[in-house]
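Subject: Structure for you to look at

Hello,

Here is the structure I said I would pass on. Please open it next to this message and follow along.

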Amino acid sequence: MSQGLKELLSRCSRRRVFVIGDMMLDRVIRGEVERISPEAPVPVVRYRDEEFLLGGACNVAHNMARLGCLVTVLGLLGKDPHGDELLRILGEKGIGFAGFRGARPTTTKTRVVASRHQLLRVDREEARWLSEAEEKGLLDALEGEVLREAPSVVVLSDYAKGVCSPGLCQKVISRFSSLGVPVLVDPKGSDWERYRGAFMVTPNLRELGMALGKALPNEDMAAEAAARELMERFDLKHVMVTRSEMGLSLFGGGITLHERSCAREVYDVTGAGDTVVAVFAALLGAGAEVSRGAHWANRAAGYVVGKEGTYAIGAAELLSLSHGAEDSKLVESFEEAAAVVEKWRKSGETVVFTNGCFDILHLGHVRCLRAAKAMGDRLVVGLNSDDSVRRLKGSERPLNPQWMRGEVLASLEAVDLVVIFHQDTPLELIKALRPHVLVKGGDYREDQIVGAREVRSWGGRVEVVPLLEGVSTTGIIGKARGDVDNG
């Protein structure tokens, strides 16, 4: 099954997909609570930092983008600073926006967190159905995207803020059904008439019961009876139900599948439903069988509920779930990488670290990695994520997604561990791993090398390996495009 997943993820790469629905910005304010306010019996949060994250339909889009898909999200944004911030993040993640900006404010959820506990959430939103003009504008934008290139799959991400109106949903389902493109719906509310004719609806157990007007026990037979009744009533090909600790159930097309939860630790269920529909849709668009897509969607959900807040799973992480962590040389978790390095350190082995984008692995890279490995017992390679490469190299890079670049590196005999990092520099990763030797390829002075001061501080050493003259990724790309005169 592992090899099948690799093939599917390879097909996901640059596959065009649409996510249509309620776009949201998640704002997280973090701090510490040290006292109770004298003004009222409430905690006083001493501000530490804050960050903005993609939420709602944008989180679905982010998950699909991290699996390698070429994603366009369509929805409404306000003409406000939060709308500007959301567009900035989408651009940074390589996600296209084809909706429009109007009078309603950008839906923003602000969470106040202290010691990893959420104390408060403040919602800024205007939830109402699309006006006729808004619906027409969104459908016109959608049609323009279809004329450019039809997608392999479409997701309707309904968060009950008004974009997934009955008119829009039915027009989207009809339009793409005529093109043979499956439409998946992540639903909200009790009225499923607007989802009629969809390829799949993906409710949780509570939402499944709401559509029938009754509470359902979390039992296989009850979930199946409810799903089949709704499939017949609304002409749905499939229903896939997420059932918390009972995992996931899939019905339709002659399939009855119950996949039990594989979550080892549940920390935060925020966005888990987004992960399920995103992973399933991405793999379906790449040609996966329905049952295979459901299996990996369930595995992905079990992984993300162990993460803090809204979390988008990457292809490398999904691949790591297909085999034991001890067998995997490709990781994204700094904590997991640090645990592996600590085992090596306790065994008396010398750990060497180097890093790069490695967009196209060439002879210069291979020689540099061999030289680095010769300086110790274990070689760890820090690999820039796709988002990081785009910020450093421009919107047309990388040519190869991070999971593909990572697997190629991991296949080299000289490389013992590959760790994907999302920052612009590997400094945080270096500090987490504390290698004995830091290696940089090129012609650098030590004071120009990121992490050199830190490695020296714990008694390590810094080495520079000369690059192979005349060989570079940029040169190879230029030659392939005919931009370089090679005589």
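Which residues does Arg434 touch, not counting residues up to four places away in sequence? They are Arg345 and Trp458. Before going further, please note that this is a predicted model.

Arg434

Arg434 sits in the loop that runs between helix 15 (427-433) and strand 20 (437-441). Its relative accessibility is 41%, so Arg434 counts as partly exposed. The phi angle of Arg434 is positive, near 50°, and the residue is not a glycine. If you want a sense of distance, take Val277: Arg434 and Val277 are 157 residues apart in sequence, and their C-alpha atoms are 38 Å apart in space.

Phe358

Phe358 is another residue to look up for its backbone. Its phi is positive as well, about 50°, although Phe358 is not a glycine. Phe358 belongs to the loop between strand 17 (351-356) and helix 12 (363-373). Is Phe358 buried or exposed? With a relative accessibility of 10%, Phe358 counts as buried, because the cut-off for buried is under 20%.

Glu134 is part of helix 4 (residues 132-148). Glu134 has a relative accessible area of 11% and is therefore buried. A polar atom of the Glu134 side chain lies 2.9 Å from the backbone nitrogen of Ser131. Leaving aside neighbours within four places in sequence, Glu134 is in contact with Leu76, Phe100, Arg104, Arg128 and Trp129.

Arg30 is in strand 2 (residues 23-36). Its relative accessible area is 17%, so Arg30 is buried. The side chain of Arg30 is joined to the side chain of Glu51 by a polar contact of 2.6 Å.

Aromatic rings

A pair of aromatic rings is described by how far apart the centres are and by the angle of the planes. The count for this model comes to four aromatic pairs. One of them is formed by Trp192 and Phe234: the centres are 6.5 Å apart, the planes are at 50°, and the pair is tilted. This pair links distant parts of the chain, 42 residues apart. Trp192 is in the loop between strand 11 (183-186) and strand 12 (200-201), while Phe234 is in helix 7 (residues 220-234). Trp192 and Phe234 are both buried. Ring pairs also bring in Tyr195, giving a cluster of Trp192, Tyr195 and Phe234.

Helix 8 and helix 9

For two packed helices, the description consists of the angle between the axes and the distance between them. How far apart are the axes of helix 8 and helix 9, and at what angle do these helices pack? Helix 8 (residues 272-285) and helix 9 (residues 290-304) have axes 8 Å apart and pack at about 145°. Their crossing is right-handed. On the helix 8 side, the contact is made by Ala272, Thr275, Val276, Val279, Phe280, Leu283 and Leu284. On the helix 9 side, the residues are Val290, Gly293, Ala294, Trp296, Ala297, Ala300, Ala301 and Val304. Sorted by type, the residues of this contact are 13 nonpolar, two polar and no charged.

Regards

Note on methods: Residues are numbered from 1 along each chain as its sequence is written. This is a predicted model: local features need pLDDT of at least 70, side-chain atom pairs count only at pLDDT 80 or more; totals for chains, interfaces and linings use all residues. Side-chain values use heavy atoms; hydrogens and water are left out. Axes are lines fitted to C-alpha atoms, for helices over the stretch in contact, and angles run from 0 to 180 degrees between N-to-C directions. Helices (H or I, at least four residues) and strands (E, at least two) are DSSP runs, numbered from the N terminus. A crossing is left-handed if the near helix is turned anticlockwise from the far one by less than a right angle, and right-handed if clockwise. Contact means heavy atoms within 4.5 Å. Ala, Val, Leu, Ile, Met, Phe, Trp, Tyr, Cys and Pro count as nonpolar, Asp, Glu, Lys and Arg as charged, and the others, Gly among them, as polar. Buried means under 20% relative accessible area, exposed over 50%, partly exposed in between (1.4 Å probe, protein chains only). A polar contact is a pair of N or O atoms within 3.5 Å; within protein, one must be able to donate a hydrogen and the other to accept it, and residues adjacent in sequence count only if both atoms are side-chain atoms. Rings of Phe, Tyr and Trp (its six-membered ring) pair if their centres lie within 6.5 Å; planes under 30 degrees apart count as stacked, over 60 as edge-to-face and the rest as tilted.
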